[in-house]
Amino acid sequence: MARFPTSPSPNLLFRLFSSNKRSSSPTSALLSGDFQLRQFSAGSAARAAKDEKEPWWKESMDKLRNIGISAHIDSGKTTLTERVLFYTGRIHEIHEVRGRDGVGAKMDSMDLEREKGITIQSAATYCTWKDYKVNIIDTPGHVDFTIEVERALRVLDGAILVLCSVGGVQSQSITVDRQMRRYEVPRVAFINKLDRMGADPWKVLNQARAKLRHHSAAVQVPIGLEENFQGLIDLVHVKAYFFHGTSGENVVAGEIPADMDDLVAEKRRELIETVSEVDDVLAEKFLNDEPVSPAELEEAIRRATIAQKFVPVFMGSAFKNKGVQPLLDGVVSYLPSPNEVNNYALDQSKEEERVTLTGSPDGPLVALAFKLEEGRFGQLTYLRVYEGVIKKGDFIINVNTGKRIKVPRLVRMHSNDMEDIQEAHAGQIVAVFGVECASGDTFTDGTVKYTMTSMSVPEPVMSLAVQPVSKDSGGQFSKALNRFQKEDPTFRVGLDPESGQTIISGMGELHLDIYVERIRREYKVDATVGKPRVNFRETITQRAEFDYLHKKQSGGAGQYGRVTGYVEPLPLDSKEKFEFENMIVGQAIPSGFIPAIEKGFKEAANSGSLIGHPVENIRIVLTDGASHAVDSSELAFKMAAIYAFRLCYTAARPVILEPVMLVELKVPTEFQGTVAGDINKRKGIIVGNDQEGDDSVISAHVPLNNMFGYSTSLRSMTQGKGEFTMEYKEHSAVSNEVQSQLVNAHNASKASD
């Protein structure tokens, strides 16, 4: 086992002495004061004095935590949430995830979730742990449901990142960690499944430092591993904990085994040094070689975690009921309360100026609708209240639509159960019924015009043609599609202009399969499904000029419009997919016709001439043109733009872009050669190959078009022992050979129609 040096690191010394001993910074003082306040068991006189100084909501905000549980698929998130609910008294018996006992995990309320043993929708619940109220959102691990994770993280103050002690840091662990960084969510890590064969928490901790760039250290040491896993040693309070009772509900503090004293001393010193590198107060004590008390270490870990400079690592086995209660203690000790997190809104009355929200219930109401569900009583809208108070019967304004709405019913959610409440204040997560809105809408009391920042919504990569078997069920079919679009921003519905079929698009095969299955189960509509289609794109590779005159004289009012300019490719890293610029000097074309020209170019770019897919990464510049006093119209200029684009498109050397997926495979080493050969056949590029025990972990970039039916092929190649995950990486240009095949296939299908 690698030993850490006992002398402080050079960057710690440099940072400490260049910080002018900022140990008494206002933030540090505030946080340590907050900690002491929570530790303080005061008498009635002290409480009365405190009431004079602090607003009515301060204590309830300090004792509130909004957390999410995220991880790679099959790391044990839902199992962990089930144990949390059991130990906090929210449920009275534990059920397993796959629902073999006919009940299933509480948080997997959909029949489909119980059958497949995966989480599809994020579910919200709340519980109480040692006087603290904890709102929990259990999120899906499968990459196809990534938007559910995004939505949850958008409204959370802290998160638990679950890592498997055998699988370690996997592809989806990296994705959810990136999402947590994007939304600046402080987190603790939980290394789960220490009871499994091959469990190695120290390997996983090193992977988290290397792959996730976590500044982290263990706050616990396991007593034994695999079948000998007995309990945990808390490095902060230097105590051993054992878990007794039929469901591990009795946590018993005991003596630290004598043979572990050296390891505990080494790991505690490593923890103190790691935290010292990012916390000035602890650094001073560490450099002066002063003893660090448990309370001081706990305060320092809390400060560093909330500042997102440190990730404390907990351990355990949720399935074997070990380590969950200390993790809950860690949540209330180290993750922030709502008033310790900075939240921002955009002031629509001041050109989207960024405003810091106070987070206090005394302010004007600001609440975000982050998730929609079709409940038994109509649309259920999940709200995170950022500021102010929302009451049943209040009138609220939807800032995005300007509509004034009455709150008919306010509830707290416990998976698919609900509890009516009269009001909710800042920091809380609640749900309302009967409020028509879209995901991402902001509600206020009308005194301010704030919206919360938008979410990052990835582009769908795969499409299916669907149509109801019976014509009579068309109404239910379109009702289902409308609802799913409102619920899930990554699920899109469109019409194929050539065949007239309904096309649904999403993040992958499983994503679309689930929706087709939900149409059948929830709306009793049988649908026929076409072959999955990849969402190709087209783009141009060089600049091309256009000069087109659209002129029609056929008696009566004519059409006249001339447009001149050029198209050019945008840089690959450009955020915009389409840009239009008017560089005409003077009035060659009256300014009233310019929007019609832009609309024409946009419409033309919806369907490229190679294979009819949208054209992106293009910039269109209008430099000149001509108009007619009588015959020019918006329609004439729009048609001129469409024809101009089609004429110059071929000269701009167009190429087809295809979605390329990041595929991570885990296969027994004996099958490594066969699997790698198959990836090459599918025109994939292997970018990494690691060894994990008896398994090979292969990372590759593979075109999505070549990945259909891959799960069946992988099973047959590896005798059912291989597994893979796949997520969208980028759209990139296809080879000339593939391009000509796609163009020929497209032309053949057009000819046969």
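This is a short tour of a predicted model, stop by stop.

Before you start: residues are numbered from 1 along each chain as its sequence is written. Local features need pLDDT of at least 70 and side-chain atom pairs pLDDT 80 or more, while totals for chains, interfaces and linings use all residues, and side-chain values use heavy atoms, without hydrogens and water.

**Stop 1: the largest nonpolar core.** Select Leu80, Ile160, Leu271 and Ile301. Of the 97 residues in this core, these four touch the most other members. A nonpolar core is a set of buried Ala, Val, Leu, Ile, Met, Phe, Trp, Tyr and Cys residues joined through side-chain atoms within 4.5 Å. Buried means under 20% relative accessible area (1.4 Å probe, protein chains only). Now select residues 324-334: this is helix 13, which gives the most to the core, with 6 residues. Helices are DSSP runs (H or I, at least four residues), and strands are too (E, at least two), numbered from the N terminus.

**Stop 2: Leu271.** Leu271 touches residues including Ala217, Leu235, Ile301 and Phe310. Contact means heavy atoms within 4.5 Å.

**Stop 3: helices 18 and 19.** Select residues 672-681 and 710-717. Their axes, lines fitted to C-alpha atoms over the stretch in contact, lie 10 Å apart at an angle of about 150 degrees. Helix 18 is therefore roughly antiparallel to helix 19 (angles over 145 degrees count as such). Thr674, Val675, Asp678 and Ile679 in helix 18 meet Tyr710, Leu714 and Met717 in helix 19.

**Stop 4: Glu664.** Which strand holds glutamate 664? Glutamate 664 lies in strand 35, residues 654-668. Glutamate 664 is buried, at 17% relative accessible area.

Methods
Buried means under 20% relative accessible area, exposed over 50%, partly exposed in between (1.4 Å probe, protein chains only). Axes are lines fitted to C-alpha atoms, for helices over the stretch in contact, and angles run from 0 to 180 degrees between N-to-C directions. Angles under 35 degrees count as roughly parallel, over 145 as roughly antiparallel, 65 to 115 as roughly perpendicular and the rest as oblique. Lists of a residue's contacts leave out its neighbours within four places in sequence.
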